[in-house]
Amino acid sequence: MAASSCFRDGKDECITRFAPSPTGYLHLGHAASALTARRLAHDSRGRFLLRIEDIDPVRCRPDYADAIIEDLAWIGIESEGPVRRQSAHLPDYRRVLDALSARGLLYPCFCTRAEIAREAQEAAHAPHRAPDGTLAYAGTCRALSPQQRVERMQGGRPYVLRLDMARALRVTGGDIVTWHERGQGLQTGRPGLFGDVVLARKDIPASYHLCVTHDDAAQGVTLVSRGEDLRPATSIHRLLQVLMGWPEPEYAHHTLLLDEAGRRLAKRDSALTLRAMRAAGMTPDAVRDAALGRHAPVP
């Protein structure tokens, strides 16, 4: 598996990125992630890029995307290259799906979430959970014949596209993937533990896993800096990179900011936003210090 020049050839210049979804306003955890990615790029005399992951047409809003750029600019962060918006690249993701399908690596799954959960509850053994804590799919629709699949599609049954994990692992020649983690060296993962992951849905034309790996390759990202909650997903991303012949970046997973209850900051929990901090009179310097753990007061 090819390594990125950032750590393979001894070159110092790294390209990093910050890739938020415009489903709400940025909070302090986002600022910490963006500042960390920019610092890693600048420490290596490289470049920092911004990507807007707006692939979900229901939850993502253009005004939130504009706010992301504005709030980052307020704390002194700008993309050092074109801002990539995933919604403008749907044909690119479709081509990847078509390529995987042509190799027999995708299949339609017609199971609803309720059916998957019920099947797991009725199983004789404990349901298998993936490393990220999600319920791994049992592969029920993998055994459908081509005719059954066509009949269900023609009947209007909604479906998702899943990666045939067992077949994908046979193509790559093993069930273990590797990657280089900044400060920790060579890491190994087993993507098969995730089961047949979803790569596209009816309402979302391509999954996070597919889009993020495609876009990292398209933007020339050589160092993927992101929160440690996404470390388990690296196994899936490395598998897709090998399947598609995309370059292997280096990875750096940073710790997450926590609230007073010990929970990671999240939009769904109404974490204090950068906009609210600015309205309360905090300066960009104070916000940067707070994000980087320098204990600046937060209103």
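Two aromatic pairs are found in this structure, which is a predicted model. One of them joins tyrosine 25 and tyrosine 64 in an edge-to-face arrangement, with 5.0 Å from centre to centre and 90 degrees between the planes. This pair links distant parts of the chain, since tyrosine 25 belongs to the loop between β1 (15–18) and α2 (28–43) while tyrosine 64 belongs to helix α3 (residues 62–74), 39 residues apart.

**Surroundings of the tyrosine pair**

- Tyrosine 25 has a relative accessibility of 33% and therefore counts as partly exposed.
- Tyrosine 64, with a relative accessibility of 14%, counts as buried.

**The pair of phenylalanine 110 and tyrosine 159**

- The ring centres of phenylalanine 110 and tyrosine 159 lie 5.6 Å apart and their planes meet at 55 degrees, so this pair is tilted.
- Because phenylalanine 110 sits in the loop between β4 (106–109) and α5 (113–122), and tyrosine 159 in the loop between α6 (146–154) and β5 (160–163), the pair ties together parts that are 49 residues apart in sequence.
- Phenylalanine 110 is buried at a relative accessible area of 2%, whereas tyrosine 159 counts as partly exposed at 32% relative accessibility.

**Arginines over ring faces**

- Arginine 61 lies over the face of tyrosine 64, at 4.1 Å from the ring centre, and tyrosine 64 is also the ring that forms the edge-to-face pair with tyrosine 25.
- Arginine 278 lies over the face of tryptophan 74, at 5.2 Å from the centre of that ring.

Methods:
Residues are numbered from 1 along each chain as its sequence is written. This is a predicted model: local features need pLDDT of at least 70, side-chain atom pairs count only at pLDDT 80 or more; totals for chains, interfaces and linings use all residues. Side-chain values use heavy atoms; hydrogens and water are left out. Rings of Phe, Tyr and Trp (its six-membered ring) pair if their centres lie within 6.5 Å; planes under 30 degrees apart count as stacked, over 60 as edge-to-face and the rest as tilted. Helices (H or I, at least four residues) and strands (E, at least two) are DSSP runs, numbered from the N terminus. Buried means under 20% relative accessible area, exposed over 50%, partly exposed in between (1.4 Å probe, protein chains only). A charge sits over a ring if NZ of Lys or CZ of Arg is within 6 Å of the ring centre and within 35 degrees of the ring normal.
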